[in-house]
Every structure is written in C-alpha cells, then in structure tokens.
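This report describes the strand pairing, the pocket and the cavities of one structure. The sequence and model are shown first.

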Amino acid sequence: MRFRFKGVLQNTGWILDCVVTTDPAGLIASIDPYDGKTACDETVNGFALPGFQNAHSHSFQYAMAGLAERHDPKNKADDFWSWRDSMYKIANAVNPDQFEAIATMLYAEMLRHGYTNVAEFHYLHHNTSGSPYTSLAEMGSRLVSAAKSAGIGITLIPIFYQKGGFGMESLPEQKRFISRDTDGYWKLFEATREVCNDYDRANIGVGVHSLRAVDPEAVKEVAAGFPKDVPFHIHISEQLKEVEDAVSFLGKRPVEWMLENVELSDRFHFVHATHTNEAETYGLANMSVNAVLCPSTEANLGDGLFPLREFQDQGGNWSIGTDSHVSLNPFEELRLLDYGQRLTTNK
C-alpha cells in the first residue's frame, strides 16, 4: 500500500509531500519524496507523526473514568483518597472476561488517539476472594490478549503490592493485589513473562506499586535482584500525604529515600514524582531516571504539578501516560503539561 501525506515527521525533521509504502503486514517499508508519478492507494490531506508511547496505564480504571466525581457541597470535598475508595469497589468487582473486554476497548481507543504502545502498570492479580488463579498470571494474560486483539504493543508490568500503607498490613479492599513477599512476587513475575510470549509485541517490566505499599527492604531486593534488562516502574511522591507519611516512617521523603537506597539508572521510571524538591529533581536527572507524567489524571486527582522546567534544565527525560484514563488524547496531556508549567514558571 502507498499513502501520500502532506508531510511525515522523522528524527531529522519533516519530509514534505511524501509517500509512505507499507508491506503486506502493514509495516512501513519506505518513506520517499513524492515524484509526481507514483500511483498512491490513498492521499491523506494531513501530516503523519510517529505513534505515541503511553507510559502508564491502569486499564480496569477505564470502566470508572469520571464516575468517582462527587460535588455535593454538604459533603467533604473529593480527593485522591476518596477516589481510591471508588477504585477499590470496581477492582473487586471485575472478572477476567470483563477485565479483558474493558482493556480491549481501552486499547482500541488508545490506538484511535495515536498511542501505539502502552505500559500496563498491572496489580489486579487474584480472584475476587483474594486467592491466586490456577494460572498465576491469568489477569495478565487477559491484558496481553486485549493488546493483541486491538493491535497495540504492550509492556506488561506485574506490580508488587504488599502493604496497606507505610508499616501497615494490607487492607481487605486490596486482597486482589497482594504478593506476600519477594518470592511470591518472583513467581508472579515469571508467570507473567511466560504469557508475554503469546504476543510478539508484548514485553515484560518489573514494578513496585509505591514505597507505601512494599516493605523498604523488599523494594531494595526487587531493584537489585530482579532482571536488570527490563524497565522498573514505581509510583512515587504523588500526594503530599504520601510524602508526609514517608518522612514519619522512613525518616526520608520518598524520592530522597530511593536516591539513597537504590542504585538508580535509566531503566527506572518514576511515575508522577509530583512533590519533588530541588535536590530530588537534580538527583533524578543526574541518575538518568525517567519521569512518567500523567497530566490529566494528576489534575483530576488534585495531585499537583511536577517541576518539569527544572528537570529538563538538568537534562531529565520524561514520558506521558493516561493512568486512570479520564482523557485518552496525547495532545491534551501535552497541552496540560505545558500550561501547568506556564502557571508555575510565569513563562
């Protein structure tokens, strides 16, 4: 197939008035300037961009997007923690078939908006009673199947989730998420790696939900002992309460603790990192840690604004994700990100 575009964006810049030729599998075989003679199957009155990477997704939350909003002036205002209660309800309701159907619809919508790969931060592991499925990665296999059906690339990140908060046992609402120790998480990781073999566009990652959800020694063990050739993802410093609780329990802020206790590198992806101070921002950039920013979700949950200008000034790299999927438009994520920085820098 040959498609003629007004322009195609490449690493080296724009190629204007060009023809994109695809092979029978739909992969791009060549991009050439239009010679005025080549017969094209379709002429597109527009421009082509490379596909966007969606670096953070909780697919099941697509089923509740917008439904946790409460605006009754007589009640306490909504915040992240009240939203979390609503999230637990749906997390404990969906069965594997529903889970796959939600993810398939979500991934198809992502593709329609221009995302061609998704990093799935996956912690809905067990059945509704909290017991493991016969296949430990049953729910992960449904995500791979959904990605394959939709035609999107997936990095499946089975998430280690152990605690209900700093130093707290897990909550009943979290029963589908829990791996009791690193041995249990390793078995889940291995089972997930196996199901990724069912799709040639599926890759594996390793992940810790957050410092509040995993014992500090276990965080260090996973970071040091699990495969180092795969990406490592973690939620961190998303909410002020999380930072305050970390200081009370660990004696350090979350990012500060990671900088001092884990050998960081460019395989680490810190999701949100909203509340980072100047030293932490510099430390992350200096260690080549990637920030994963989810502007529409961070705005929706009242998280705050990541200090992107300072991070970029230090050479920091970042990506975007749609997280809870209140928006699936990458251009909206980038616009919110840009405008947030204008509001904080007055530039």
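In strand E3, Asp32 is the bridge partner of Val19. Strands, labelled E (at least two residues), and helices, labelled H or I (at least four residues), are DSSP runs numbered from the N terminus. The model is predicted: local features need pLDDT of at least 70, side-chain atom pairs count only at pLDDT 80 or more, and totals for chains, interfaces and linings use all residues. Residues are numbered from 1 along each chain as its sequence is written, and side-chain values use heavy atoms, with hydrogens and water left out.

**Sheet**

E2 and E3 are joined by five bridges in the antiparallel sense; two strands count as paired if DSSP finds at least two bridges between them. They belong to an open sheet of four strands with mixed pairing, in the order E3-E2-E1-E4. E3 and E4 (42–48) are the edge strands, each pairing on one side only. From one strand to the next, the twist averages 30°, where axes are lines fitted to C-alpha atoms (for helices over the stretch in contact) and angles run from 0 to 180 degrees between N-to-C directions.

The largest pocket holds about 430 Å³ of space. It is lined by 16 residues, and Val20, Gly26, Ile28, Leu49 and Gly51 are the closest to its centre. Strands E1 (2–10), E2 (13–22) and E3 (28–33) each give two or more residues to this lining, and E1 gives the most, with five. On a 1 Å grid over the protein atoms alone, a pocket is an open set of points with protein on both sides within 12 Å along at least five of seven lines, a cavity is a set where a 1.4 Å probe fits but cannot get out, and lining residues have an atom within 4 Å of a point. Grid points are joined across faces, edges and corners, and a volume is the space filled by probe spheres set on the points.

**Cavities**

The whole structure contains two cavities of 30 Å³ or more.

| Cavity | Volume | Largest share of lining |
|---|---|---|
| Largest | about 150 Å³ | helix H1 (residues 80–91), four residues |

Of the 17 residues lining the largest cavity, Phe80, Trp83, His209, His235 and Glu238 lie nearest its centre. The lining of the second largest cavity includes His58, Phe99, Glu120 and Tyr123.
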